[in-house]
Each structure stands twice: as structure tokens, then as C-alpha cells.
Amino acid sequence: MPSELKFPVDLTQFKKLKLDHKNPRLSDQQKRDLQHNIDIFRDAIIAFTATGAARGVAGHTGGPYDTAPEVCILLGFINNAPESFVDSLFDEAGHRVATQYLLAALDGKIEPDHLLQYRAADSKLPGHPELGLTPGIKFSSGRLGHMWGMVNGIAMANKNKNVILLGSDGSQQEGNDAEAARIAAANHLRVKLFIDNNDVTIAGHPSEYLKGFEMARTLEGHGIKVVSAQGEDLDSLYPAICEVINYDGPAAVVSNRKMAAGIEGIEGQTSAHDVIKVDVARKYLTKRGYKPEQLAFYAQIKPGRDPHQYLGSTKDEGANRVIFGEAVNSVLDTLSKDETIRRVMVIDSDLEGSTGLKSIHTKHPEVFVPSGVMERGNFSAAAGFGFRSNGERQGVFSTFSAFLEMIISEITMARLNQCSVLSHFSHSGISGMADNTCHFGLNHFFADNGLMDAETTTLYFPADGEQMKAVVKKIFFDPGLRFIFSIRSPVPYILKEGSADQLLYGEGYEFVPGKEEVIRRGSAGYVVSYGDMVFRSLDAVERLRKEGLDVGLINKPTLNIVDEETIKLYGSSPFVVVVESIAQKTGLGSRLGSQLLERNFTPKYKSIGAIREGGGGLYEQINTQGLSVDGIIAAIKSVA
Ligand SMILES: Cc1ncc(C[n+]2csc(CCOP(=O)(O)OP(=O)(O)O)c2C)c(N)n1
């Protein structure tokens, strides 16, 4: 993708420093050169990540900004003694991908101007590093806690080399890291960690929500050598990094610093985890000597918007992931405070602002437990709260749909322990996911992993905000494991047939678990859909009906229960097309065909869902997967 925007930072000014890790003292000149490189590195990170804010695709600035000193020092070591290092700065916090893109640009693999397309659709600069997608990118990362384990194996395969892992105090909360630490220690691996201990994650400060946890002592307890340093003081940081590299075995520098140190307005704030606002970036870069004309490009970058006009739904949109929390509040509002405390426990996984739990935190702090990036521990705590309660007591758990895959075994054990848990998985499917492939929420049916007699697991995916409210109200105190899904983007409200303003799921609607809902009756065949694909399918169906093809539409808000009544209707029609935004491989489409055949229904059958790695951007992701209205129409026509 050629870029007309001009990158303001001159990367040719970045010096190819050689630093000897065996000498822990920097000369004055070396120190000046190092500081010069750190400044350029940070200018560059700020300059291009801020385009994520301008473009409305979000992003992450504080993390990659923070680790610049460690990165610049480590580059100097690798330049000086390449034979001593595996040539990659692995990062367990994949959202800090800006570091990797900048390294690729310094390596000549990415044009500097192209960095200004950070997180744009089709730019091949998505929100997390993807091996094989972006030139110069050396690994994939993004699910916190997965990387150290792999780095251990890389060290086993490269016995005489140091393997570098950039760490973070968010990633270190994951149980995987504890396992990896023990493996590294027991096998005396030359794994070297550089952990940004900035006391900021997404939803808060670990020192406040994880009282008692201390990273350095924890790592030492696993058998890792730890050197603590002041991350913003080269006289403290440099010798610490040398010591850790020179140590014969696994070792870590814990770099203590405020997040985004030196960026006025966001230093030490949780907002620094996210993308820097353009005005904050402009202020910083101006202070650093960049001219207004060099920064004028921000004004040329505009957020994109899905241009399609959808038939059958409102122009207004609601964010189901936020509405989930409000709907829980409506249930809690009907109980006394004592009763809420006795019956409900809502545990966060450092994502309360993203998954809708924030409003519960605000309105019902008595039931809310802020917690860290520890999905398995958090889910199990929710399960334990609802242990053998038959629904009378509920643990409420929430995270992104992508991380459902992390807790499959915990789900099994919760089921075998007769636990009642209401889980909300947001960021389902692919829509709006500039974070790209590692954050796609694809495998919802994995949650329904019990045997056929395990009836207490139900998967719900409401089509709009009104249906979300109705689902939560109906099933909140049901027994067993219940999973509610929502997507990242807001969705419009489904309208009653023939009406321009009456909401299908508004007043008078009552959700019936397991019921498949006929949105349009048709004689030609049926589309079966759910969640965010209902409004898209409805548009496709309306257009085809206008063309004279009498297609019907079913909304199946309970994904994993067959409605024997409704399946007769569409099963005996000429065709069935399943439309969903989760993985085609494991989604509804991979089962509904068998369910039809088992009942002797043999319509023509097709299913479409997510099929390929992401192309970046927001609404564009749907088109990348062939799931736009045109894609749905083409699928219907192929069987009609
Ligand atoms: C397994 C997993 N859970 C949740 C997330 C979502 N997430 C992305 S970054 C983050 C917090 C990160 O904190 P830290 O790693 O310390 O990064 P920093 O704030 O310093 O940039 C979370 C919860 C994720 N990527 N992976």
C-alpha cells in the first residue's frame, strides 16, 4: 500500500551502536548516543501509533514507548556480538507491536512512511505481530502469557545463545509464566527477560488490584535470577541489563518505571496503555522540535465508516458488550444489597471497560472483584462462588471471546462440579477487530464441551441490544454454565417486519431459551443466523425478496439447542444457508447439517463464516471474510 503521508521522524539518524555486554560501564559518548537513539525510538513510536487514534482504529503507545531504553541497549549488544543472541526481541505483550514494526523499519523491511498506516485495513500492520504477514516480523504474539513457554523451547534449540524476551507486568500475571519460569530454572536456560514493571495494565494498577503480589520475589521463588532497576535511569538500567546477560542461566531485569514517563498528560495513567491522542502526541513531538508542517499529516487521516445502509434495522446502534453490564445491573437493582452480596460475585479479568463490567463496578461495587490477567483463575473463582448453588448463587465472569479457548478445561471441571457461572465473552467473531487474528473470537462451541447429557451448558448470542437485555433478564439465575456472546462493534436494532421504527425485541418481547425465531417467512429457502450476522443477513434477505426470491430468515439466539418446531420449517424448505461470524470450521454451520440429516431433512445446504486470517481494520474485516451483504447474497444464490 503506497503511502502519501510523510513520516516526520528521520530514522537515518538512529545510530547503529555497538555495545559490549561484558562491560557494565558506559562511556559519556556511549551514553549520549544511547540517549539519542532512545529519543528517536520514542519519537517514532509516538508519531505513528497516534495515527491509530486519528484513524479511529485504536492502538497501543505506552508499552512500546516504555521499553525503548531496553530495546536500544539490547540492539547495541546484538550488533556487537550477533553470535551470542537469537536475533529477535520476542515480546510476550503483543500489543506492543509498534516496537516490532519500528525494528522492521530500522532493518529496511518496512518503508518508514508506511508506519503511518498502523492498524489500517490491508496495511499488514495489524494490532499484534503476525509471523508471515508483515515483512521483518519475526514471531506472532498477542495472547498474554503464551510467549515465555515458547521462548524456553527456543533456548533449548539454541543452547549457546541468549534468548531475549520483553516482558510486562500484565503478562506476568498469567499462570503460564509461572510454569515457564520453573522450566527455565530447572533446565538452566539462557532466557533473559526484560520486564516493564510500569504498574499499569488496561483496567488499573496491579499494585492496587493484586495486593500481595510482588513480581521480583515471585520470579526469585521460581529460581530466576532477578535484578531490579530504575527503567528511566541509564546508570541503573544499563549495568542491570549487562548483569542479566552475563549470568549463566535464566535471569530477569525488572524495570521499575511510571508508564509513559515524560509524556505530559498521560504519564502513570492507565490511559497510557492505549493509543496516544493526537493532541498529546503533537504536543510531545513539538516539544521535541518537530515543526507544525511535519505534523500536519494527522489532519489528513480520517476514521473510516461502513458505508453500507442496512435494510430491516435501525440507524441507531447499541454496543451489546456494554449493554450486558447494564442488563446485569437491572437484575441486581431488584435485589437488596445483602442479597446481591450473598448471591452474586462479578470478577473482572482486567477488561472491565471493554466487556461491560465497568457499569457493574460503578453501580454495584459490593459484588465486584477487580482482578488481573488471569482468566483461568478468575473463571474458576466464579465457578466456585456458584458451586452447587443450583443457580441461587452466581459467579459472573467476562473476557474477550478469543480467550475462551484458554479455559476449556476449567469449564469441564466447573460442569462436573455443578457450578453456576454466567460468562460474558465480548469481541466475538471478527467485526471491528483491528487487533486482528490472535484476538478473533472464533470457537464458541468449544464451551459446550460436555457429553450429551450435560444439558446445563447454554450458548447465547443476542442479535441486538434489546435482545441482550431480554436474555440476561431471563437466564441470570438459571443453574449451570451459561455463555453470552457479543461483538466489539455496536450493532443496529432489528425492526419488526414492515416497520420503520418498532423494535422487534423492544417492549413486549420475552426471550425463550432454545427458541429459534422466525424473522421472515419464506418459501424459497432459509438463512439461519445469530448475533451480529442477523442484521447483515436481514439486509441480504430483504434485497433478495425485492428481487423476487422469497427467502426466509431465522434468528437462533441459543446456539446449541435445536428447536424441534422451527427446524421443521426451514428443514423442509428447499435450502438452508447458515451465516455466522465465528469460525466456519467449528461453528453452527459445522453441526446444523448433521442435525438436519438426523431428522431426515435434506435441503440444499451451505454455511459461511470466518475462514481466513484477518486483513486488519474495523468494519473491513467482515468483507475480508466474504461475509458482507454481497457475500451473503452470493451464498444464498449459490443454492437457490
Ligand atoms: C490472555 C490475554 N488476556 C487479556 C488480554 C487483553 N489485554 C491486552 S493488554 C492487557 C494488559 C496489559 O498489561 P501489560 O502487559 O502490563 O502492558 P502495558 O499496559 O504495560 O502496555 C490485557 C488484559 C490479552 N491480550 N491476552
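Start with the whole chain and its contacts. Among contacts with a separation of 6 or more, 79% link residues 24 or more positions apart; a contact here means two C-beta atoms, placed from the backbone, within 7 Å. A word on ground rules: this is a predicted model, where local features need pLDDT of at least 70, side-chain atom pairs count only at pLDDT 80 or more, and totals for chains, interfaces and linings use all residues. Residues are numbered from 1 along each chain as its sequence is written.

**Zoomed out**

Keep everything selected. Along the principal axes, the C-alpha atoms fill a box of roughly 80 × 55 × 45 Å. The radius of gyration is 26 Å, which agrees with the value near 26 Å for a compact globule of 640 residues; the radius is taken over C-alpha atoms, and the globule rule is 2.2 Å times the number of residues to the power 0.38. Of the 640 residues, 52% are buried. Buried means 20 or more other C-beta atoms within 10 Å of a residue's own, exposed means 12 or fewer, and partly exposed is in between, with C-beta atoms placed from the backbone.

Switch to cartoon and you have 22 helices and 18 strands. These are DSSP runs numbered from the N terminus: H or I over at least four residues for helices, E over at least two for strands.

**Two domains**

Now colour 27-300 as domain 1 and 313-639 as domain 2; the bounds come from an automatic or database domain assignment. Their centres, over C-alpha atoms, are 35 Å apart. Domain 1 puts 28 residues into the contact and domain 2 puts in 24. What is the domain 1 side made of? Its residues that touch domain 2 divide into 12 nonpolar, 11 polar and five charged.

**The six-stranded sheet**

Next, pick out the open sheet with strand order β8-β7-β9-β10-β12-β11, paired in parallel. Strands count as paired if DSSP finds at least two bridges between them. Which strands stand at the edges? They are β8 (368-369) and β11 (457-460), each with a single partner strand, so one side of each has no neighbour in the sheet.

Select 421-426 and 481-485: these are β10 and β12, running parallel and joined by five bridges.

Asn390 sits in the loop between α15 and β9. Its phi is near 55 degrees, a positive value in a residue other than glycine. Asn390 counts as partly exposed because it has 13 C-beta neighbours inside 10 Å.

Jump to His188, in the loop between α6 (175-186) and β3 (191-197). Phi of His188 is near 55 degrees too. Is this residue buried or exposed? Exposed, with 12 C-beta neighbours inside 10 Å.

Finish at His439, in the loop between β10 and β11. His439 has 23 C-beta neighbours inside 10 Å, so it counts as buried. Leaving aside neighbours within four places in sequence, show its contacts: His128, Gly142, Phe400, Ala402, His427 and Met433.

Technical notes. Nonpolar A, V, L, I, M, F, W, Y, C, P; charged D, E, K, R; others polar.
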